[in-house]
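I opened my notebook for a browse through this one. Here is what I looked up, in the order I got to it.

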Amino acid sequence: MQDPDLNVPLKIGTRGSELALWQAHHIRDRLRARWGAALAIELVLITTEGDRIQDRPLNQIGGKGLFVNAIEEQLVAGAVDLAVHSMKDLPGRLASGLAVVCTPKREDPRDALVLAPGLRARLGGPKDLSLATLPAGTRVGTTSLRRAALARRANPGLEIRQLRGNVPTRLRKVQSGEEYDAILLAAAGLTRLGLGAEIDAALDPESFCPAACQGILALECRQDDQRVRGLVAPLADADATTMAAAERAFLARLDGGCQVPMGCHATLVDRELQVRGVIADPAGRPVFSAVRAGKPEDAAQLGRDLAELLLRLGADAVLDALAHKIQA
């Protein structure tokens, strides 16, 4: 395939948050490193529904797509050529005519626990810090039903509080100690923003399963745009692409969004793909968890099989109850 035309400006659609801009700048810089400074790139800021509505929990204003739909509309309309998403924000099924055409190397997929200075001082920085070791009544902030459910499972004595805002805003809220003693965030976002030192504990994925595709970027364009496909192809990472295929297949089979407490985490160990999945009741019990393993080339099938296994184990009852609650 011949090199793509570098004379036509590439328009990248992105949200305006600090993390979204970091991601867009990162991809811009990697593209220019590969194709040269002659490649003209323009960032187009797009406000999504998730950005506009800040006074309600995400699970109350819609499912996955809150941070994606407006950008996809601009892609379909031709106003932008490429979108850079946090892949965990993508619905299991994309808008018609669009495709994720590149998956760069994955950042740390784990969830991170960040303590308020007062609680950190009281605990004295224990080496075995975890959710389970936090004192009863600790006020933990998160907007994620998955994180809330798994936190309640680890420590029923925690007080879970809703927390909205971008990464720096959430950090400021916990640093003040007024409303929160601790918060839960994606380690990837903190690391990308140069805030990794704020992490008091990175939570073990085996006991605190991350969201599907947490730490993975998704580069999305129009399905038939061969020029953009050619431009971003060198940025792809084979391992991240395999892990994403398994985790997104899991998500698609369950039609999961931010209204369902579920997680999925794939790892490659000696060229074997291991996929862990979890579905939890929002109260923290019951929790259904399982692992499937197989060949990397069977990633999507492993993800679907894992979802089917959890449903057979009884997770379908949790999903049905949540669906009735949402409809009510």
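Predicted model: local features only at pLDDT ≥ 70, side-chain atom pairs only at ≥ 80, totals over all residues.

**Salt bridges.** I began with Asp181, which forms a salt bridge with Arg139, the closest N and O atoms being 2.9 Å apart. Asp181 sits in the loop between α6 and β8 while Arg139 belongs to strand β6, so the pair ties together parts that are 42 residues apart in sequence. I checked burial too: both Asp181 and Arg139 are buried.

Next I looked up Glu308 and Arg253, whose side chains meet in a salt bridge at 2.6 Å, N to O. Glu308 is in helix α10 and Arg253 in helix α9, so this pair ties together parts that are 55 residues apart in sequence. Glu308 counts as partly exposed because its relative accessibility is 29%. Arg253, at 35%, also counts as partly exposed.

Then came Asp108 and Arg110, with a salt bridge of 2.9 Å, N to O. Asp108 counts as buried at 18% relative accessibility, whereas Arg110 counts as partly exposed at 31%. I also noted a network of salt bridges linking Asp81, Arg222 and Asp225. The structure holds twelve salt bridges.

**The sheet.** I moved on to an open sheet of five strands, ordered β7-β6-β8-β5-β9, with mixed pairing. Helix α5 lies across β5, β7 and β8, running at about 130° to β8. Helix α6 lies across β5 and β8, at about 160° to β8.

**Thr142.** I found Thr142 in the loop between β6 and α5. It counts as buried, at 1% relative accessibility. A polar atom of the Thr142 side chain lies 3.1 Å from the backbone nitrogen of Ser144. Beyond its neighbours within four places in sequence, Thr142 is in contact with residues including Arg147, Ile160 and Leu184.

Conventions:
Residues numbered from 1 in each chain as written. Heavy atoms only, no water. Helix = DSSP H or I, 4+ residues; strand = E, 2+ residues; numbered from the N terminus. Buried < 20%, exposed > 50% of the residue type's maximum accessible area, 1.4 Å probe, protein only. Polar contact = N/O pair within 3.5 Å; in protein donor to acceptor, adjacent residues only side chain to side chain. Contact = heavy atoms within 4.5 Å. Pairing = 2+ DSSP bridges. Axes fitted to C-alpha atoms, helices over the stretch in contact; angles between N-to-C directions. Salt bridge = Lys/Arg side-chain N within 4 Å of Asp/Glu carboxyl O.
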